[in-house]
Amino acid sequence: DGVRFRLVDVDAPETGPVGSERGSRCASEQDLGREAKTFMERLTRGAALTVRTYETDRYGRIIIGLDADGENVIDQATEAGFLKPWPHENGRATAPKPDWCG
């Protein structure tokens with residue numbers, strides 16, 4: 001429904017143009033970001049979704065936890081290599097942003 005959200009305490013590879021302000025840092029990150037998007041779409045499309053809401057981040061996105069058909073989406077995507085832990089507190093990162101190009 002056009003609601004902007006972010007999954008809680010994880011980072012995903014960027015898909016924007018390499019080197020742009022909010023884009024990917026390298027071509028491999030951009031490629032992985034596209035794969036991650038496809039993975040998440042397949043995981044959630046048509047599934048019974050359970051959303052747990054937390055705070056709102058500094059960009060106005062709702063922070064959520066998400067289950068698809070009773071399975072934790074964050075856990076599945078992390079295990080598949082499409083998300084990395086990135087802890088936050090009060091809407092601010094408490095660790096450096098994960099590196100997708102290393």
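Start by selecting Asp 9, which is found in the loop between β1 and β2, where helices (H or I, at least four residues) and strands (E, at least two) are DSSP runs numbered from the N terminus. Although Asp 9 is not a glycine, its phi is positive, at about 60°. Asp 9 counts as partly exposed at 33% relative accessibility, on a scale where buried means under 20% relative accessible area, exposed over 50%, and partly exposed in between (1.4 Å probe, protein chains only).

Before going on, note that this is a predicted model, in which local features need pLDDT of at least 70 and side-chain atom pairs count only at pLDDT 80 or more, while totals for chains, interfaces and linings use all residues. Residues are numbered from 1 along each chain as its sequence is written, and side-chain values use heavy atoms, with hydrogens and water left out.

Next, select Asp 69 in the loop between β4 (62-68) and β5 (71-72). Asp 69 has a positive phi of about 50° without being a glycine, and its relative accessible area of 54% makes it exposed.

Now colour Lys 97 and Asp 11, which form a salt bridge with their closest N and O atoms 2.7 Å apart; the term stands for a side-chain nitrogen of Lys or Arg within 4 Å of a carboxyl oxygen of Asp or Glu. Lys 97 lies in the segment after β8 and Asp 11 in strand β2, so this pair ties together parts that are 86 residues apart in sequence. Asp 11 is buried, at 1% relative accessibility, whereas Lys 97 is partly exposed, at 40%.

Glu 14 sits in the loop between β2 and α1, and the two partners are 83 residues apart.

Asp 99 and Arg 25 are the next pair to show, with a salt bridge whose closest N and O atoms are 2.9 Å apart. Elsewhere, salt bridges that share partners join Arg 6, Asp 11, Glu 14 and Lys 97 into one network, and a search of the whole structure finds seven salt bridges.

Then show Cys 26 and Cys 101, which form a disulfide (a pair of cysteine sulfur atoms within 2.5 Å) with their sulfur atoms 2.1 Å apart. Cys 26 lies in the loop between β2 (10-11) and α1 (27-44), and Cys 101 in the segment after β8 (92-93), 75 residues apart. Cys 26 is buried, with 17% relative accessible area, and Cys 101 is partly exposed, with 25%.

To look inside, select Leu 7, Val 73, Ile 74 and Leu 83, the residues with the most contacts inside the largest nonpolar core, which has 16 residues. Such a core is a set of buried Ala, Val, Leu, Ile, Met, Phe, Trp, Tyr and Cys residues joined through side-chain atoms within 4.5 Å. The largest share of this core, four residues, comes from β4.

Finally, centre the view on Leu 83, whose contacts (heavy atoms within 4.5 Å), not counting residues up to four places away in sequence, include Leu 7, Val 10, Asp 11 and Trp 100.
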